[in-house]
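My notes are in the order in which I looked things up.

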Amino acid sequence: MRKLPKIRQNNMPMKTKKIPMRMCLGCSEMKPKKELVRVVKTKEGEISLDLTGKKAGRGAYICADAECLRKARKAKRLEKSFACRIDDEIYDAMEKELNANEQ
Ligand SMILES: [Zn+2]
């Protein structure tokens, strides 16, 4: 068996993993990323919810709560974050999807 060289892991501290935090665009609270829902803008400029967290594109985060989506919608925070207009139908579809996800 080949002996592996010993590597000093200076860049890997044995601390507990830091939980990635993101800010909700609705209530502006910092929350663990996995408690939030990602809203993604694809390079084609389509906005949609990303419930799997795997869609490619620019992301923004909101709580898994339709109330936060409504707040973000009212304050146009998603528009600001993505620097584009978002149609009412897109908001409605996202809200519906969020409501379905909650159950
Ligand atoms: Zn929120």
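The entries below go from the overall make-up to single residues.

**Entry 1: overall make-up**

I note at the start that this is a predicted model. I counted the secondary structure and got 3 helices and 5 strands. Along the sequence I read the pattern β-β-β-β-β-α-α-α. I then checked burial, and 19% of the 103 residues count as buried. For contacts with a separation of 6 or more, I find that 52% join residues 24 or more positions apart.

**Entry 2: the sheet**

In what order do the strands of the open sheet run? I read S4-S3-S5, a sheet of 3 strands with antiparallel pairing. S4 and S5 are the edge strands, and each has a single partner, so one side of each has no neighbour in the sheet. From one strand to the next, the twist averages 30°.

I went through the two pairings in turn. S3 and S5 are antiparallel and share 6 bridges. Within that pairing, Arg 38 is opposite Tyr 61 of S5, and Val 40 has Gly 59 of S5 as its bridge partner. S3 and S4 are also antiparallel, over 4 bridges. Here Arg 38 is opposite Asp 50 of S4, while Val 39 has Leu 49 of S4 as its bridge partner.

**Entry 3: the nonpolar core**

As background, nonpolar side chains tend to be buried together in soluble globular proteins. I took the largest nonpolar core, which has 17 residues. The members that touch the most others are Cys 24, Leu 25, Val 37, Val 39, Tyr 61 and Ile 62. I then asked which elements supply at least two residues each. They are strands S3 (36-41), S4 (47-50) and S5 (58-63), together with helices H1 (66-74) and H3 (88-102). S5 gives the largest share, 4 residues.

I listed the contacts of Leu 25, leaving out its neighbours within four places in sequence. The list has Ala 60, Tyr 61 and Ile 62, then Ala 72, Arg 77, Leu 78 and Ser 81.

**Entry 4: Leu 36**

Is Leu 36 buried or exposed? I find 26 other C-beta atoms within 10 Å of Leu 36, so the residue is buried; the cut-off for that is 20 or more. Leu 36 has its place in strand S3.

I checked what surrounds Leu 36, again setting aside neighbours within four places in sequence. Its contacts are Arg 22, Cys 24, Lys 31, Tyr 61, Ile 62, Cys 63 and Ala 64. For one of these, Arg 22, I also took the C-alpha separation from Leu 36, which is 7.8 Å for residues 14 apart along the chain.

**Entry 5: helix H1**

Which residues of H1 are buried? I have Cys 68, Leu 69, Ala 72 and Arg 73. These four cover an arc of only 140° around the axis, so they are on the same side of H1. The buried residues of H1 pack against S5, helix H2 (77-82) and H3.

I looked at two residues that have a positive phi and are not glycine. Lys 76 has a phi of about 55° although it is not a glycine.

I find Ala 83 in the loop between H2 and H3. With 8 other C-beta atoms within 10 Å, Ala 83 is exposed.

How values were computed
Residues are numbered from 1 along each chain as its sequence is written. This is a predicted model: local features need pLDDT of at least 70, side-chain atom pairs count only at pLDDT 80 or more; totals for chains, interfaces and linings use all residues. A nonpolar core is a set of buried Ala, Val, Leu, Ile, Met, Phe, Trp, Tyr and Cys residues joined through C-beta atoms within 7 Å. A residue is buried if 20 or more other C-beta atoms lie within 10 Å of its own, exposed if 12 or fewer, and partly exposed in between; C-beta atoms are placed from the backbone. Two residues are in contact if their C-beta atoms, placed from the backbone, lie within 7 Å. Two strands pair if DSSP finds at least two bridges between them. Axes are lines fitted to C-alpha atoms, for helices over the stretch in contact, and angles run from 0 to 180 degrees between N-to-C directions. The arc is that of the directions from the helix axis to the C-beta atoms.
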